[in-house]
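Hi,

Here's the structure I promised to pass on.

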Amino acid sequence: MIKLSQACLGPEEEAAVVNVLRHDGYLGMGKETIAFEKELETFLKDASSGSVSLCCCHTGTAALHLATQALGIGPGDEVLIPSMTYIASFQAVSATGAKAVAVDIDPNSGAIDLSSAKSLMTSKTKAIMPVLYAGSMHMANDVYAFAKDNGLYVIEDAAHGFGQPFSFHDHVVTCISFDSIKNITCGEGGVVFSKNTRIVEKIKDLRLLGVEKDSDQRAKGGRSWDFDVKEQGWRYHMSNINAAIGRAQLKKIHLFLKRRTYIVSRYLNEISHPMIQMLAIDWRAPHIFPMLFLGNRDKFRQDLLKEGIETGAHYKANHLLSFYRTPYDLKGAEFFSEHVVSLPLHVNLTDEDVSTVIATVQKMCLN
Ligand SMILES: Cc1ncc(COP(=O)(O)O)c(C=O)c1O
């Protein structure tokens, strides 16, 4: 079976975990997490320009939840979210008590449709949560400008986008996932970053049950004993074991991105059929390879599975789920949700696997 996605792990990750187990003696959040944060900061600064503050969390969902809470968003507030995303984006917002408002997408790219966002804005809207669908940043500057013009924060769901050259802004807080199949993995993990140091400092407290400055104490090898807590926090920090895996993976990110972009370029160049529509997005740091199949998508996926090729359908539109059901239609997201198919994309795919996927897709289009 050619798998849809998979982590690429080697002896480096194994050694990193064993090192924490045998030599560090502390598995929770400590020096590995702090070292990973420093390395991520350097990596992000090198890839972009300007300064950034950041904070690791135990999942990307936790990063989104903390970012939303730290911006003061809660009951009575609304956040605009493209319906075409993983359920985590919606759940992170509703976990704060705020309303997740489903917005339409551009069916040519899967990215948020800003005219739909504008039409769904109310006096309660506090933020917009764009999703870097498949890792694409092609809409990022437009969204930052839209938010600035409308007095909104941007909580950027960049779960798919690690490896992109981010730019840093005071009104933008970016959240990344390091789950088991992302561009790099920690096993489970996430990071939240922003130019806005005040917000990131707040997130650092919130991730440790609201205990003030506990992150600073852990950086010094201790923890806070005499502390105050001023609001609801969460047990959302990253452990030394997860951080150790992430540190080993971070060293390989350039190799990983090279391989991922190579596989994508082969799909884009070698698959061609009137039933298939490729997405008009930026493929610099791709996490998945979605495309639209204009016929019976479910049958197409079944046919590929019978030939030993696992595919995905990223995603079912969130406004169609019972919990987030909207009284209005979102035509772009509904069309996309019905026709999207994701082909295998991960670093372990061989050239032969890629050729097999391409040939089988071409053959199945004729079925
Ligand atoms: C678009 C999107 N947002 C958020 C998340 C949540 O990340 P995590 O699984 O690390 O909680 C994911 C994870 O797959 C995702 O794809």
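First, a term: by polar contact I mean a pair of N or O atoms within 3.5 Å; within protein, one must be able to donate a hydrogen and the other to accept it, and residues adjacent in sequence count only if both atoms are side-chain atoms. This is a predicted model, with local features needing pLDDT of at least 70 and side-chain atom pairs pLDDT 80 or more, while totals for chains, interfaces and linings use all residues. Residues are numbered from 1 along each chain as its sequence is written, and side-chain values use heavy atoms, without hydrogens or water.

Now the ligand. An oxygen atom of the ligand sits 2.7 Å from a polar backbone atom of Gly60. The protein covers 92% of the 390 Å² of accessible area that the ligand has on its own (Shrake-Rupley method, 1.4 Å probe).

You'll find it in the loop between strand 2 (78–82) and helix 4 (87–94) (DSSP runs numbered from the N terminus, helices being H or I of at least four residues and strands E of at least two). Thr85 is buried, at 3% relative accessible area (buried is under 20%, exposed over 50%, partly exposed in between; 1.4 Å probe, protein chains only). Its side chain makes a polar contact of 2.6 Å with that of Ser89. Beyond neighbours within four places in sequence, Thr85 is in contact (heavy atoms within 4.5 Å) with residues including Asp157 and Tyr315.

Cheers
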